[in-house]
Amino acid sequence: MRLIIVSGRSGSGKSTALNVLEDNGFYCIDNLPAGLLPELAERALIHTELAQPLVAVSIDARNLPSHLERFPILLEEVRAKHIHCDVLYLDADEETLLKRFSETRRRHPSAARIAPWPKPSKMKPSCWARSLTSPTSRSTPPASTCTSCAMPLSYAC
């Protein structure tokens with residue numbers, strides 16, 4: 001079995017990468033809860049008609065923080081089953097991320113879980129998106145502010 005885990009920042013091209021992998025014969029799952037990774041790999045091995053199943057999943061910041069913390073352990077569980085597993089982390093330069101964010105104007109998937117937060121329009125989109133995955137994003141805002149958008153660091157980059 002071949003398993004590719006696609007991850008990266010919002011707007012970095014994860015969905016596009018999954019589409020390309022699907023076009024190349026991979027069974028793709030977007031936004032897989034990280035905790036299900038070992039079970040998915042095991043089931044794909046057992047319940048497939050293919051001699052060499054190809055699976056790609058997207059795992060990103062929309063996961064529960066506790067699942068993301070356990071990701072290295074979950075990855076080792078999969079590899080211990082002798083499954084060829086690659087992790088593809090995508091990123092893009094600041095300008096590209098800003099362009100993609102402004103084109104989609106889509107509310108970030110994690111925004112509903114986190115409150116109170118300023119609206120994204122009050123800060124640079126890349127700062128806001130980066131804040132959703134920063135370690136301080138769920139804690140009390142510090143006194144310092146971001147040099148690029150002047151928002152508290154827990155809300156910004």
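Histidine 82 is found in the loop between helix H4 and strand S4 (84-90). Helices (H or I, at least four residues) and strands (E, at least two) are DSSP runs, numbered from the N terminus. This is a predicted model, in which local features need pLDDT of at least 70 and side-chain atom pairs count only at pLDDT 80 or more, while totals for chains, interfaces and linings use all residues. Residues are numbered from 1 along each chain as its sequence is written, and side-chain values use heavy atoms, with hydrogens and water left out.

Histidine 82 has a positive phi of about 60° although it is not a glycine. Most residues other than glycine have a negative phi. Asparagine 31, in the loop between strand S2 (27-29) and H2, also has a positive phi, near 60°.

Buried means under 20% relative accessible area, exposed over 50%, and partly exposed in between (1.4 Å probe, protein chains only).

| Residue | Relative accessible area | Class |
|---|---|---|
| Histidine 82 | 75% | exposed |
| Asparagine 31 | 31% | partly exposed |
| Valine 6 | 0% | buried |

Valine 6 lies in strand S1 (residues 2-8). Leaving aside neighbours within four places in sequence, valine 6 is in contact (heavy atoms within 4.5 Å) with residues including Lys14, Leu18, Val57, Ile59 and Leu88. The C-alpha atoms of valine 6 and isoleucine 29 are separated by 9.9 Å, and the two residues are 23 apart along the chain.

Two packed helices are described by the angle between their axes and the distance between the axes. The axes of H2 (residues 37-46) and H4 (residues 71-80) come within 8 Å and cross at roughly 15°. H2 is therefore roughly parallel to H4; angles under 35 degrees count as roughly parallel, over 145 as roughly antiparallel, 65 to 115 as roughly perpendicular and the rest as oblique. Axes are lines fitted to C-alpha atoms, for helices over the stretch in contact, and angles run from 0 to 180 degrees between N-to-C directions.

From H2, Leu37, Pro38 and Ala41 meet Phe71, Leu74, Glu77 and Val78 of H4. The residues of this contact divide into six nonpolar, no polar and one charged.

The protein chain averages a pLDDT (the predictor's confidence in each residue, from 0 to 100) of 74, and 64% of the residues score at least 70. Over residues 113-123 the pLDDT is below 50, and this stretch has 25 contacts in the model beyond near neighbours in sequence. Residues 150-157 also have a pLDDT below 50, with 39 such contacts. Where pLDDT is low, the predicted coordinates should not be read in detail.

How values were computed
Ala, Val, Leu, Ile, Met, Phe, Trp, Tyr, Cys and Pro count as nonpolar, Asp, Glu, Lys and Arg as charged, and the others, Gly among them, as polar.
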